[in-house]
Amino acid sequence: MELRYVVGIVSSILVSIVFRYLFSSTSILFLIIIMGCAAILSSLLHYMLAKKRVAEQVGLVEEEIFSKKQKIDYSTSTRTNKDEIEIVKSEEMALGDRNGQDIDEDLHSRQLAVYGRETMRRLFASNVLISGMQGLGAEIAKNLILAGVKSVTLHDEKTVELWDLSSNFIFSEKDVGKNRASASVQKLQELNNAVIVSPLTGQLTPEQLSSFQAVVFTEISLKKAVEFDNYCHNHQPPISFIKTEVRGLFGSIFCDFGPEFTVADVDGEEPHTGIVASIGNDNPALVSCVDDDRIEFQDGDLVVFSEVLGMTELNDGKPRKIKSTRPYSFILDEDTTNYGAYERGGIVTQVKQPKTLHFKPLKEALGDPGDFLLSDFSKFDRPPLLHLAFQALDMFMSELGRFPVAGSEEDAQKLVSFAININENSGDGRLEEIDRTILRHFAFGAKAVLNPMAAMFGGIVGQEVVKACSGKFHPLFQFFYFDSIESLPTKPLDPSDLRPLNSRYDAQISVFGSQFQKKLEQANIFIVGSGALGCEFLKNLALMGVCCSSKGKLTITDDDVIEKSNLSRQFLFRDWNIGQAKSTVAASAASSINPHIHVEALQNRASPETENVFNDAFWENLDVVINALDNVNARIYMDQRCLYFQKPLLESGTLGAKCNTQMVIPHLTENYGASRDPPEKQAPMCTLHSFPHNIDHCLTWARSEFEGLFEKTPAEVNAYLSNPIEYTSAMKKAGDAQARDNLERVIDCLDRDRCETFQDCITWSRLKFEDHFSNRVKQLTFTFPEDSITSTGAPFWSAPKRFPRPLQFSVDDPGHLNFIMAASILRAVTFGIPIPDWAKNPKKLSDAVNKVNIPNFQPKEGVRIDTDEKATNPTPASIDDVEVINDLTTRLVECRRKLPPGFRMNPIQFEKDDDTNYHMDLIAGFANMRARNYSIPEVDKLKAKFIAGRIIPAIATTTAMATGLVCLELYKVLNGGHKVEDYRNTFANLALPLFSIAEPVPPKVIKHNELTWTVWDRWILKGNPTLRELLQWLKDKGLNAYSISCGTCLLYNSMFPRHKERMDQKMVDLATEVAKVELPPYRRHVDVVVACEDDEDNDIDIPQVSIYFR
């Protein structure tokens, strides 16, 4: 009898026993024992039977994990023939119910914005093996566990060495001597209790790979890799195979996803769309689109048409090929001569096509690698050389049984000779020249796994595993090689400096030397932000030993607290940290990674308001600033401070699968603010209010309505009630349309729309529905009927405008009723009204809604509706605002007299990440009802959250890669002496994948006579000179100063005779007396801006001038 049937029978018996005891008075203890046995048996069955592949698993109900068992010390578990027992223990640790593959949207919201639900469900069904748990294996495992795959099995037969602590954030010195896989489980499991994390410590055989969708090997010989890859390639269905290595400052990746792998979505971008303006009756036909936005189609794309009036033959949903694409037009490769004549309207949408890739197995690809994925265009000849180098290293290790010794010229030459022999036998792929210097560096660092390299490659490989499991994004095809040899010190290293010191940094010392390690430990660094980027940076710096001596110091600041949505990528945080300060928790976690790190956590936002905290002394003591920010304004502020104090700034950012890094190095590169992205295009006010034509317009309007009704208006009410006299005086003084609008909203809230019972809230909500989605539309279409024409004779309702239809409310429509429920609950919150239990009962809520009396609405003549696309605010009515405001303030006094003592409202601040607060329910309801008005496709609440909540898509893999790249640059900064051509800026897109690595742009140089300066220069005068002395100091440089200002105040202008009386006054005295500058004790200087010209009266832009007086 098969094992599955035996276990099934035993399970049935155990279940029957459980139910028998469940309804009897027999001891509970026996029941617990029986249920425990059943759980173990179920777990054993799960791992002893072959798992289904991803294609079979998607959409199926998964095993349910009922409870979280106590943590287990895996260091004591058997490591050879009892791996099944260890796997069972690990499954017992996994918490959460993945039944039905439900997605925790609070936890994974940022990741969902990148992948979507279908990809997430595929991940939830995927089992992954990672073999080799040095630093690279740990980084890959971390990223996949955060992503939420079903299970991660960690394989390693070796034990933890002190050497491993240079790159593996999981291990501590207490783990030395334990099996690497077993020692990794507990800390990795904490990252995501919904993922099954288990160790495998015995020898691996190809047959054991059949349970996995993807397997990753980080430490494996080529011989074994070929054996395993052949098994995976020929398995049915194929198992995705990835081989990756990090050797010092060199890394490699090889991917084989089988003989035929289908990519469902090659780039992850939303399909491009355009609004049709005209279609010709030609062969082929020219299609023009409105110039609202450039169309992003490419030649050869397939598109579908919809909503076309006149030429309705195109509305059949058939994909059609296009060519000759231009910014606002394209050629439709079809004969439309006999189609109906185009009238108006129409949406054209790109059809994304799947792509099939045919991977070669490793054995074949080694001899015929095809095109390498290039990352750095200054190293276009490097990948073929590294292809030889990694094969030569494998040959070296096979023959000598060890890695080359760091600094050993003999070992390096041995590896070079292997590479030459391989090259001679490479046939057509033979290289004409081999760079022995590169191979020498490769040999010296071959044993070391450096943390920045592990972080970078852990991000890339983690993303490749996601692609393998989901078909989302284009896989790496097939080899990728990378090096950061520029990170090495500029001066040659003495081989004796590379010898191990029996420290946790020995791997790093073998590449950079012990003297440079001391520099790292003594660094003084400022990290701004401790979110996803900040957590990764802290981990990296702790492993690198940065700021890990008494002379070094790491300061990290963040004014934010931990939320649940952070946990899917900010890996230093756990669920029990929710609500705590990010910087404090992150600093504590970094100390657990490396107890020697000298870190101070602050909760201050780096801004002009905190310059008493981050004062001159603080800045002057810094060596490097690392930005880990998520907004442009904060980045620009930090950029200006780094410019001012001439400090290196390491900048990075992520957006979904994309990332960029920018090195801002004093006097070598341009600053962050030297180039700006174009401002984001804003929809005109009239479009948002009356003429939306996409769901983004509807959601922007919906959020504005939410904030106006539930935050701004209650806040205005409270502002009035707190100080009525001052408030009304301010409104009268303003005397404008905005003041009138504020007063009208306050009066409505306290008089006509005031709610005292929950039924009042329902009435208010129902009337709001009628006003927004029926009456306003009726008025709009009365003012502008469907056949209206403009002053030029063109149809008023031509693209991109969409003609709206009013909604007829129905309690039987779930969208209508959900809107009423969310609006009523939030209205009750603002008035402090208890929410009855029946409020969420559709039947009882419907009964309450049906009680509301809806007055008849008749459109009015002469109502002005703004159609000016250049207007930024609604046009005020042409009435006497002052007279109306006086009347409103009088009415406001009467309203206040009717209020109970101490009455206040409760303003609601929008919070997108709490699915129980009804904020997103209402915003989605507002947007979707408006979308129905205008026949715009609706969105679910999650998509509404992404757009209205302005959620930045984020995944752990991109963050890890970005921080790894930045830390490779940190080596250069802290070592000093590197030229601009040694530094690298990066733009990468893991979805494609694409890597664009290039030298930074130098700063613009300004020349005057013999002087040169850049944006980095600041002229400093010490000793608090007089105005006369400052002018003379500039005169000696050939500069004639005609104006000197401090802040917004003019201290000197050559045109003003009275200013000459100030000539002998000290500059600091002028700043305090004339400009009223306050100089707190921590301030040691004042800054002045000087306007100069040369002897020929040409204006010269000079650097800022700082006057030091302390």
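1. In this note, a residue is called buried under 20% relative accessible area, exposed over 50%, and partly exposed in between. The model under review is a predicted one. By that scale glutamate 190 is partly exposed, because its relative accessible area is 23%.

2. Glutamate 190 forms a salt bridge with arginine 574, with an N to O distance of 3.5 Å. The two partners belong to distant parts of the chain, 384 residues apart. Glutamate 190 sits in the loop between helix H8 (180–189) and strand S3 (196–200), and arginine 574 in the loop between strand S17 (553–557) and helix H18 (582–593). Arginine 574 is buried, at 13% relative accessible area.

3. A second pair to inspect is arginine 932 with aspartate 813, a salt bridge with an N to O distance of 2.8 Å. Arginine 932 is in helix H29 (residues 919–933) and aspartate 813 is in the loop between H25 and H26, so this pair ties together parts that lie 119 residues apart in sequence. Arginine 932 is partly exposed, with a relative accessibility of 27%.

4. Glutamate 245 and lysine 243 also meet in a salt bridge, at 2.7 Å from N to O. Glutamate 245 is buried at 9% relative accessible area, and lysine 243 is buried at 7%. The count for the model comes to 62 salt bridges. A network of salt bridges links Asp376, Lys379, Arg382, Asp483, Glu486 and Arg984.

5. Where does the UniProt record place the feature "active site"? The unreviewed entry assigns it to Cys686. In the model, cysteine 686 lies in helix H21 (residues 685–689) and is buried, with 4% relative accessibility.

6. Most residues other than glycine have a negative phi, and most peptide bonds are trans. Alanine 799 and proline 800 are joined by a cis peptide bond with omega about 10 degrees; proline 800 is in the loop between helix H25 (758–783) and helix H26 (814–831). Another cis peptide bond, with omega about -20 degrees, joins leucine 992 and proline 993. Proline 993 belongs to the loop between strand S22 (985–989) and strand S23 (994–998).

7. Two residues other than glycine have a positive phi: phenylalanine 473, near 80 degrees, and asparagine 502, near 60 degrees. Phenylalanine 473 is in the loop between helix H14 (451–470) and strand S15 (479–483), where it is buried at 2% relative accessibility. Asparagine 502 is in the loop between S15 and helix H15 (506–512) and is exposed at 66%.

8. Glycine 445, in the loop between helix H13 (436–444) and H14, is buried at 5% relative accessible area. The C-alpha atoms of glycine 445 and phenylalanine 250 are separated by 8.4 Å, although the two residues are 195 apart along the chain.

9. Two surface patches complete the list. Asp1095, Glu1096, Asp1097, Asp1099 and Asp1101 form a negative patch. Aspartate 1097 is in the loop between strand S29 (1085–1093) and strand S30 (1099–1100) and is exposed at 57%. A nonpolar patch consists of Phe987, Leu992 and Leu994, with about 230 Å² of accessible area together. Phenylalanine 987 lies in strand S22 and is partly exposed at 37%.

Methods: Residues are numbered from 1 along each chain as its sequence is written. This is a predicted model: local features need pLDDT of at least 70, side-chain atom pairs count only at pLDDT 80 or more; totals for chains, interfaces and linings use all residues. Side-chain values use heavy atoms; hydrogens and water are left out. Patches are made of residues with over 30% relative accessible area and no salt bridge: like charges are joined within 9 Å, nonpolar side chains (Val, Leu, Ile, Met, Phe, Trp, Tyr) within 5 Å. Accessible areas come from the Shrake-Rupley method with a 1.4 Å probe; for residues, only the protein chains shown count as cover. A salt bridge is a side-chain nitrogen of Lys or Arg within 4 Å of a carboxyl oxygen of Asp or Glu. Lys and Arg count as positive and Asp and Glu as negative; His and the chain ends are not counted. The place of a charge is taken as NZ of Lys, CZ of Arg, CG of Asp or CD of Glu. Helices (H or I, at least four residues) and strands (E, at least two) are DSSP runs, numbered from the N terminus. Buried means under 20% relative accessible area, exposed over 50%, partly exposed in between (1.4 Å probe, protein chains only). UniProt positions are given in the numbering used here, feature names are shortened, and annotations may be inferred rather than shown by experiment.
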